[in-house]
Amino acid sequence: MKRLSEWISIKIARRPGMVILGAILFFNIVFILIAALVISSFAMSGTEKMGFFEAAFYTITMILDAGCIQFVIEDIGKSNVAIAILCLLIIFIGMISFTGAVIGYITNYISKFIADSNEGSRRLKVSNHVVILNWNTRASEIINDMLYSDRPYTVVVLNSDRKQEIEKEIEARISDTLQRESDLKKNVQVIVREGDVFSSKQLNDISISSAKIVIILGSDINNTICQYGLRKKLDYSKQGNSLTIKTLMQVADLTSAESSRDDQKIIVEITDPWTLELVEKIKRAKQVDGKCNIVPVDVNIILGQILSQFSLMPELNLAYSELFSNKGMTFYSSTDSTYTDSSEEDFIENYLHTHNNSIPLAVMNRDGVSHAYFAADSEKEVHRNTAVQRANYAVKINHDYWIEKKNVVVLGHNGNSDEIMKGFEAFRSEWNYTDGNEILDIVVIDDEDSLKRMNYYKKYPFVTQTVEASIFDKDIISKTINDFYEKSIGDISVLILSDDEVLNEELDANALTNLVYVRDIIESKKKENPDFDVESIDVIVEIIEPKHHDIVNSYSINNVVISNRYISKMIMQIGEKEDLFDFYNDILTYDIEDSTNGYESKEIYIKKVGEFFKELPSPTDAEQFIRAVYYASIDDSIPKEKQNPTLPLGYVKAGGEMVIFEGDQSTIRVELEARDKLIVFSNH
């Protein structure tokens, strides 16, 4: 009995539900057997001829339906009172012990099943899916960009908490896109689970070993409940992110196993040098070719590069919003042994002779393999041969073209301010700055504490002025911008930064306030001078929360930069096409050359038509225009140092309308004016 008691105690502790179910079934079986034995054994009126198994059957039917008592007692008026009481007692006890207990248990089991599913306690059988570990302000944009893909997605999100909030955020983001883009279909299924991203069990429960892409995000710190807690977490996060390292170690251990899916991509979001260094160490130790491919993405560097480029060439925001997404023309890569047998110039020229639905951009070597990169609206267009019309069309390029001096006002700050300045510094180096030939003039307007943290930007000589002004100092802000505009030669750009180091409810508040100030300056100038060129002041507004996009647009600002959206688009594209990682790094980084990879760095530039061409090109189609510009840029009759292989990707009309050369180039009309601007891919 003691051993039986111990066995029961252990079973109750480990699986109480099964013990209770067993007890219910055991009691009811015994009860039915005893009831059947009593009914069949006693020679009472109505049961004289009833056998044991028949009695057992009718006992069960009476419990399930009290009206079935008539099969035991043919005439209740003539029957023995004892048999009637016995039947009623069986019905009463059976309803409690059998019907009530079993239904209660099943109901409880169903409730537990639903609860376990909601909490992520049950194993999810899925494959070829995308796994997102942790959640931040960029996550919903990653999912949203999948809507533009031509293939369906299943996404599994695992986060420690806020399941319902995350589900509502995803639904709101997707619904907004589907409402705006009526031609899109909801091709994304999202499953959100609460759980521990460090738990191998819970990672296995979401079938991480069979996932196509695993994205490890940094957790949001903007939902901290108090300003003191936020500051403390910010200071800690800038030193390093040990949670990202811990998550990657667990994920790499599972995805590098022999049983895991081949060619998995592990995208790791990085925000500091310490984490990047450790991720690289884990990559060297755990990465298995053909299995787990770890790709670290440095968020701060990318955002800094993008925002600095947009300040210098605002129209890039329009171009990148399409080129860095699955919507319309985007970037593709392809590997082929023939790429190594010819120079990049020969490859591009041969490709232009046989394709007019995509644009060849570059050939780069990665891990001993040559990759060709293209701009096209789908991957099939990259490989589709077409007949290219030969025509006697030519353009005259100004081979002495040099980019004009850039004048920028940086209004406010964010966590990437230093990286933005490094982007400006790289641009300055790319365009061969020499003493007395400064091509950058930057003024920073910010609050005192932020300027002190950046040491008033003293290490950046192109920052010619810093002005202390809080968000409430409208007069100081307005006077500084007006004075800078009056003294500058050429157009100016105003980059309004959104502080990403504030509480959630304060996100974009300062940026929107500064926008009101800048718009007021522009409107005042229009009132003073009806002929004032509003395009001489380009306003670039960074916002973090996508729902504020419409607010900014209501102020007639075209250059709205949802910074998180660019990171999300790049993460998704790199996850699908890892070969693009080096290509993105190249086009986002201004530098003279990259001797490690053996090719000269190329970027996307915005160039004024009136300055880039010696004379205005005559009207033609994109097919002829692209080839004419390219051949003119590599003209053998000019010195090699003045040759700059240039491929047009599109143009922006004066006023902001963008035309991208996607699809059949022979059907795209090109009629340019001097004030229009070309979108080109070139060395400089």
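Tutor: Glu277 counts as partly exposed because its relative accessible area is 48%; buried means under 20%, exposed over 50%, and partly exposed in between, with a 1.4 Å probe and protein chains only. This is a predicted model, in which local features need pLDDT of at least 70 and side-chain atom pairs count only at pLDDT 80 or more, while totals for chains, interfaces and linings use all residues. Residues are numbered from 1 along each chain as its sequence is written, and side-chain values use heavy atoms, leaving out hydrogens and water.

Glu277 belongs to helix H10, which spans residues 273-286. Helices (H or I, at least four residues) and strands (E, at least two) are DSSP runs, numbered from the N terminus. From Glu277 to Pro296 there are 19 residues in sequence, and their C-alpha atoms are 10.0 Å apart in space.

Leu147 is buried, since its relative accessible area is 2%. Its C-alpha atom is 8.5 Å from that of Leu178, a residue 31 positions away along the chain.

Next, the surface. Leu25, Ile29 and Leu33 make a nonpolar surface patch of about 270 Å². Patches are built from residues with over 30% relative accessible area and no salt bridge, like charges being joined within 9 Å and nonpolar side chains (Val, Leu, Ile, Met, Phe, Trp, Tyr) within 5 Å. The areas come from the Shrake-Rupley method with a 1.4 Å probe, and for residues only the protein chains shown count as cover. Leu25 is partly exposed, because its relative accessibility is 42%.

Now the charged side chains. A salt bridge is a side-chain nitrogen of Lys or Arg within 4 Å of a carboxyl oxygen of Asp or Glu, and by this rule the count is 25 salt bridges. One of them joins Asp176 to Arg180, with N to O at 3.1 Å. These two residues lie in helix H6 (residues 163-180), 4 residues apart, which is about one turn of the helix. Asp176 has a relative accessible area of 28% and is therefore partly exposed; Arg180, at 47%, is partly exposed too. The pair belongs to a network of salt bridges that links Glu141, Arg173, Asp176 and Arg180.

In helix H7 (residues 200-205), Lys201 and Asp205 are 4 residues apart, so about one helical turn separates them. They form a salt bridge whose closest N and O atoms are 2.7 Å apart. Asp205 is buried, because its relative accessible area is 7%.

Helix H15 (residues 417-430) holds Lys422 and Asp418, again 4 residues apart, so about one helical turn lies between them. Their side chains meet in a salt bridge of 3.8 Å, N to O. Lys422 is partly exposed, with a relative accessible area of 37%, and Asp418 is partly exposed at 22% relative accessibility.

Two packed helices are described by the angle between their axes and the distance between the axes. Axes are lines fitted to C-alpha atoms, for helices over the stretch in contact, and angles between N-to-C directions run from 0 to 180 degrees. The axis of helix H11 (residues 299-312) comes within 7 Å of the axis of H15, and the two cross at roughly 55°. H11 and H15 are therefore oblique to each other; angles under 35 degrees count as roughly parallel, over 145 as roughly antiparallel, 65 to 115 as roughly perpendicular and the rest as oblique. The crossing of H11 and H15 is right-handed. A crossing is left-handed if the near helix is turned anticlockwise from the far one by less than a right angle, and right-handed if clockwise.

For helix H13 (residues 344-354) and helix H23 (residues 622-633), the axes come within 11 Å and cross at roughly 155°. H13 and H23 are therefore roughly antiparallel to each other, and their crossing is left-handed.

Last, the backbone of one loop. Asn455 lies between helix H16 (448-453) and strand E12 (463-468). Its phi is near 50°, a positive value in a residue other than glycine. Tyr457, in the loop between H16 and E12, has a positive phi of about 60° and is not a glycine. Asn455 is partly exposed at 46% relative accessibility, whereas Tyr457 is buried at 2%.
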